[in-house]
Amino acid sequence: MNSSVDKKKELGLWLKLLLTKHGLRQNKLAAELGVTCQYVSQICVGKTSLPLNHFDRIHKLLLSQGASDDDLKKLSYLYVDSRVSLPDSMQISNDDYYHLLQELKGYVEKERVINACLETAVGTRNYDDAMQAILNTISTYAARQYCYIYRYEPAAVRLMYSWHAPDVPPIKGFELIDLPTPTLWDKTLEAHELINIYDPGETQLVPRDIAELFRRNNFRAVLGTGLWADGRLYGFIILASLKQIRRFSELEERVVLSAARVIQLLTERQTAAERQERAQAETDALLHGMPFPAFRFGGTGELVSLNAAGEQLLGSSAAELCGRDVADLFGVAPDSPFPVTLDLNGKSCSLTAVRQGEHTFYFCAPATA
């Protein structure tokens, strides 16, 4: 590791790790320095040298975020080492470089595990169980004490799901929070921006009633993002901590965003299922109101429902008939040319098929001579 290219890579790698550890996204650093995100990205991979004025500002920024003296000392050594040749006593060793790489890999692996856990929620059939599994996953890996999912209501937000660490009590007073008018909090979420704050009771970003709850319960750091369905903001998810610590890290931000995307997928799936159930209920209501025999078959060809006239025609109850296929019930193939004249229980009937989406409806009428 004697070339200047290697030294710049070491510096970039260590800088990238410190940014991740202390919750500083590269786009935020770019805004702080007044440069492009591409420039910061090139520094973090060792393709661009770091000017002294930018290094000083980064150093002060990391110091304000609580970076340790040892971390900042190593950053300074690497910065100088990337520009001049240092004595051997000040060089970063191959072992240090290896451990640095391993620590970065640890962050990547942690994010992979979290995303895998979130993906399991997609396979959970029960919507409430899936929401709880998501809260358990992100709260456990983020090591924070509280996690909430809220839904917007007229002039208020209602708590839908909550999680708290085993070593802290549940907090009361968060079930329904009045929000009579749109706030900066709402506008931030509407703009698809993250809420990442510490000392949340002292910022204008938090609505007054929520800030009062935060102060009363000693919340010291809050991370939140909006929840969307059908292109509409319908709620938000927040992580909260009682500890006096730094802002949430970039990794924790990505975890919460991943959770929000999974929640969006599950919510849209749940909404579609509810719409389908309502549509089927309305269809069955019409079916049962028909005076002539009517039958509804599912996409795989099994009888799903029928009306009282259909039960009377076939001489059996719905419980006995549902699940059987068309050929079994009527002795005709589903692809037969309809209408078909049948003799059912001594009655001559004309069977007609109407396909609608994945369902097929069969209607019976007295056969005409």
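**Burial and salt bridges in the predicted model**

Of the 369 residues in the protein chain, 44% are buried (under 20% relative accessible area; exposed is over 50% and partly exposed lies in between, with a 1.4 Å probe and protein chains only). The model is predicted: local features need pLDDT of at least 70, side-chain atom pairs count only at pLDDT 80 or more, and totals for chains, interfaces and linings use all residues. Residues are numbered from 1 along each chain as its sequence is written, and side-chain values use heavy atoms, with hydrogens and water left out.

The protein chain contains 13 helices and 11 strands (DSSP runs numbered from the N terminus; helices are H or I with at least four residues, strands E with at least two). Contacts are heavy atoms within 4.5 Å. Among those between residues at least 6 apart in sequence, 54% join residues at least 24 apart.

Seven salt bridges are present (a side-chain nitrogen of Lys or Arg within 4 Å of a carboxyl oxygen of Asp or Glu). One of them pairs Asp71 with Lys21 at 3.2 Å, N to O. Asp71 sits in helix 5 (residues 69-81) and Lys21 in helix 1 (residues 4-21), 50 residues apart. Both Asp71 and Lys21 are buried.

A salt bridge also joins Glu253 and Lys28, with the closest N and O atoms 3.4 Å apart. Glu253 belongs to helix 10 (residues 250-289) and Lys28 to helix 2 (residues 26-33), so this pair ties together parts 225 residues apart in sequence. Glu253 is buried at 1% relative accessible area. Lys28 is partly exposed at 37%.

Arg324 and Asp328 form a salt bridge at 2.8 Å, N to O. Arg324 is partly exposed at 31% relative accessibility, and Asp328 is partly exposed at 45%. Shared partners link Arg25, Lys28 and Glu253 into one salt-bridge network.
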